[in-house]
Amino acid sequence: PKDGEYWGLSKREIEIMNWVRIAKTNLEIAAILRISIFTVKNHLQDIFKALNVATRMQAAIKITESRKRDS
């Protein structure tokens with residue numbers, strides 16, 4: 001599966017996680033994707049729930065580890 005598909009993340013959520021993994025801030029992600037910072041935060045909360053994690057770092061690690069396992 002592609003990044004995030006395993007957890008049922010949407011294309012947008014996967015896109016956001018790709019930016020999170022390279023250490024972009026919520027503000028930077030919002031500007032890049034032309035969405036509000038509030039929308040980025042909402043997506044991140046949904047991502048955290050789906051991945052069963054509490055932080056950006058945990059989410060990035062979980063997705064990165066799954067990529068290594070799947071390849």
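Good morning. In helix 3, the buried residues are Val40, His43, Leu44, Ile47, Phe48 and Leu51. These residues lie on the same side of helix 3, because they cover an arc of only 140° around the axis. Please bear in mind throughout that this is a predicted model.

Let us turn to the opposite face. Which residues are exposed on the other side of helix 3? They are Phe38 and Lys49.

I shall now describe the helix as a whole. Helix 3 runs over residues 37-51, which makes 15 residues. From its first C-alpha to its last, helix 3 reaches 21 Å, and this is close to the 21 Å expected at 1.5 Å a residue. Just after helix 3 comes Asn52, whose phi is positive, at about 60°.

My second topic is the salt bridge. How many salt bridges does a search of the whole structure find? The search finds 1. In this salt bridge, the side chain of Arg12 meets that of Glu15, with 3.1 Å from N to O.

Where do these two residues sit in relation to each other? Both belong to helix 1, which covers residues 11-21. Arg12 and Glu15 are 3 residues apart there, so about one helical turn separates them.

Finally, let us consider the accessibility of the two partners. Buried means under 20% relative accessible area and exposed means over 50%, with partly exposed in between. Arg12 has a relative accessibility of 28%, and therefore counts as partly exposed. Glu15, at 33% relative accessibility, likewise counts as partly exposed.

Thank you for your attention.

Note on methods: Residues numbered from 1 in each chain as written. Predicted model: local features only at pLDDT ≥ 70, side-chain atom pairs only at ≥ 80, totals over all residues. Heavy atoms only, no water. Helix = DSSP H or I, 4+ residues; strand = E, 2+ residues; numbered from the N terminus. Expected span 1.5 Å × (residues − 1). Buried < 20%, exposed > 50% of the residue type's maximum accessible area, 1.4 Å probe, protein only. Arc of directions from axis to C-beta. Salt bridge = Lys/Arg side-chain N within 4 Å of Asp/Glu carboxyl O.
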